[in-house]
Amino acid sequence: MLKKDRTDFSAKPNPLNGRVRLISGNWKMNHTHLEAIAALQKLSFLLKPSDFNFAEISIHAPFTDIRSLQLLIETDRMPFSLGAQNCFFESRGAFTGEISPVMLARLSVKYVIVGHSERRDLFHETDDDVRRKVLAVLENGMLPILCVGESFAEREAGDRDRVIDRQVATAVAALTPERARSVVFAYEPKWAIGSGLAATLEDAIEGAHAIRGVVERLHDLETAAAVRVQYGGSVTSANAREFLTASEVDGLLVGGASLDPDSFARVIQA
Ligand code: PGA
């Protein structure tokens with residue numbers, strides 16, 4: 001197969017707000033390193049150079065896949081950004097089983113998902129753990145994708161904005177405005193994740209407003225206008241386009257629909 005040199009193609013800012021959209025594929029605990037290589041090669045083949053002008057595309061594979069994907073991206077000059085799904089907040093030491101942000105930075109990882117609801121709920125990550133991880137990612141020159149969002153019960157109780165406020169404020173209150181500006185937020189209502197029940201466009205816009213409102217209160221309007229907010233939760237090629245029509249939504253965090261390259265390419269091209 002001919003290698004396509006696509007290093008000149010980089011995402012252009014959205015003319016409506018100056019922010020560069022980011023579409024992220026979160027593979028969760030799927031794909032061995034061999035499957036990951038095959039999936040990224042196929043995705044690269046399916047996408048046209050112009051697809052990379054609309055949005056930056058990041059791939060969040062399991063830790064064991066990252067070195068393989070780094071080499072593939074560099075060797076074939078693929079315009080994907082490398083991502084991770086989590087990391088620990090300490091740089092090194094006696095923390096059996098953890099992966100440090102220093103290790104990820106050395107693999108040219110650009111984005112690290114932090115505080116995904118599966119980490120919060122299944123692995124008991126607290127808001128304070130998430131705060132420390134956000135800081136560690138930034139201190140190592142990478143960008144956190146900070147996931148926030150309410151459960152169904154919290155939504156029913158009218159607590160969505162309070163939950164978003166607590167999660168955002170704990171994580172970013174102590175950051176400098178410069179650092180706060182480089183945080184990417186993902187509004188991911190828990191009830192929409194993996195459920196097939198995506199939020200409405202209105203929900204996604206309200207979630208993004210709530211996040212920017214907290215950032216504005218803690219920092220300033222300029223910072224709030226600079227941060228990017230993705231929507232995540234049951235995104236498919238059938239609903240992706242609608243979310244991206246709103247200038248408040250700066251991209252998508254895609255789980256299930258990112259696993260199969262055909263389906264993720266359709267989301268990106270939607
Ligand atoms: P989903 O997952 O697209 O499968 O709902 C989204 C996520 O967990 O980030």
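**Around the ligand**

In S234, a backbone N or O atom sits 2.7 Å from an oxygen atom of the ligand. That's a polar contact, meaning a pair of N or O atoms within 3.5 Å. On its own the ligand would expose 280 Å², and the protein buries 95% of that (accessible areas by the Shrake-Rupley method with a 1.4 Å probe).

This is a predicted model, so to speak: local features need pLDDT of at least 70, side-chain atom pairs count only at pLDDT 80 or more, and totals for chains, interfaces and linings use all residues. Residues are numbered from 1 along each chain as its sequence is written, and side-chain values use heavy atoms, leaving out hydrogens and water.

**Ligand shell**
- The ligand is surrounded by 13 residues, with K28, H116, E188, G194 and S234 the closest (a heavy atom within 4 Å counts as near).
- K28 puts a polar side-chain atom 2.7 Å from a ligand oxygen.
- E188 has a side-chain N or O atom 2.7 Å from an oxygen atom of the ligand.
- The shell splits into four nonpolar, seven polar and two charged residues, with Gly counted as polar and Asp, Glu, Lys and Arg as charged.

**Confidence**
- Mean pLDDT is 95, and 97% of residues reach 70 or more (pLDDT is the predictor's confidence in each residue, from 0 to 100).
- Residues 1-7 fall below 50; beyond near neighbours in sequence, that stretch has 17 contacts in the model (heavy atoms within 4.5 Å).

**Overall size**
- The C-alpha atoms fill a box of roughly 55 × 45 × 35 Å along the principal axes.

Note on methods
A polar contact is a pair of N or O atoms within 3.5 Å; within protein, one must be able to donate a hydrogen and the other to accept it, and residues adjacent in sequence count only if both atoms are side-chain atoms.
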